[in-house]
Amino acid sequence: ATGLGQNHIFANLANLPYVAGPSGRSMRLDHYADLVIRTKASQAETMAQRNAMREHCQGLVSISRNAPMDDDACNLYVGRAFALTPEAAEEFGVPHVDQLPGGGCPFHPNCTHVEVPFFPEIMKESIVDRAVTSPPSWALGRSWSEVQKEYMAKGGKAYAAKQNPNLRG
């Protein structure tokens with residue numbers, strides 16, 4: 001129907017099979033493969049950064065403050081600090097990164113958040129106070145899909161704005 005011929009590369013791309021993506025919607029196989037590759041590369045980068053931070057005795061990370069692309073549960077974690085070691089978790093009273101959905105950033109496919117080193121000793125007290133607030137207990141130690149479902153049921157971004165001081169300025 002395209003006039004490109006059966007063996008033309010673009011005709012073949014248009015006929016690639018569809019698969020169910022993480023959200024349940026249908027995606028072309030090549031788009032799904034791209035999504036998986038980006039997600040796995042981001043996870044590998046996060047692990048490498050964590051290892052480097054631990055080697056340099058860095059005990060805390062915070063979740064980048066960029067706004068999520070969609071209204072999603074990332075809003076619960078934005079700007080908050082998490083511990084890389086049990087000692088840092090105890091010293092600062094923050095959850096360990098392993099308690100985050102998926103074990104930390106990226107939280108979900110296409111997630112734009114990253115973990116950045118957090119140095120409370122050189123930051124303004126007001127920033128540290130906001131960063132060491134914990135997300136709700138129901139948002140820790142659960143899968144992304146469970147947290148996202150609960151987040152939307154509680155009101156989404158409006159709920160997060162009341163709950164996370166880092167979203168208030």
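**Stop one: a buried asparagine**

Select Asn166, which is buried, at a relative accessible area of 5% (buried means under 20%, exposed over 50%, partly exposed in between, with a 1.4 Å probe and protein chains only). Before going further: this is a predicted model, where local features need pLDDT of at least 70 and side-chain atom pairs count only at pLDDT 80 or more, while totals for chains, interfaces and linings use all residues. Residues are numbered from 1 along each chain as its sequence is written, and side-chain values use heavy atoms, with hydrogens and water left out.

Asn166 sits in the segment after α6 (helices are DSSP runs of H or I, at least four residues, and strands are runs of E, at least two, numbered from the N terminus). Now show its surroundings: leaving aside neighbours within four places in sequence, Asn166 is in contact with Arg65, Val78, Gly79, Arg80, Arg130, Ala131 and Thr133 (contact means heavy atoms within 4.5 Å). Zoom in on Arg130, whose backbone oxygen lies 3.3 Å from a polar atom of the Asn166 side chain.

**Stop two: helix α5**

Next, select residues 144–153, helix α5, and colour Trp144, Val147, Gln148 and Tyr151, which are buried. They share one side of α5, because they cover an arc of only 100 degrees around the axis (taken from the directions from the helix axis to the C-beta atoms). What do these buried residues pack against? Show 157–163: it's α6. Just after α5, click Gly155 for a positive phi of about 120 degrees.

**Stop three: the sheet**

Switch to cartoon view for an open sheet of three strands, ordered β4-β3-β5 with antiparallel pairing (two strands pair if DSSP finds at least two bridges between them). The edge strands are β4 (81–83) and β5 (115–117), each pairing on one side only. Three bridges join β3 (residues 60–63) to β5; look for Ile63, whose bridge partner in β5 is Glu115.

**Stop four: salt bridges**

Arg50 lies in helix α2 and Glu115 in strand β5, so the pair ties together parts 65 residues apart in sequence. Both Arg50 and Glu115 are buried.

Finish with Arg38 and Asp34, a salt bridge with its closest N and O atoms 2.4 Å apart. Both lie in helix α2 (residues 29–55), four residues apart.

Note on methods. Polar contact = N/O pair within 3.5 Å; in protein donor to acceptor, adjacent residues only side chain to side chain. Salt bridge = Lys/Arg side-chain N within 4 Å of Asp/Glu carboxyl O.
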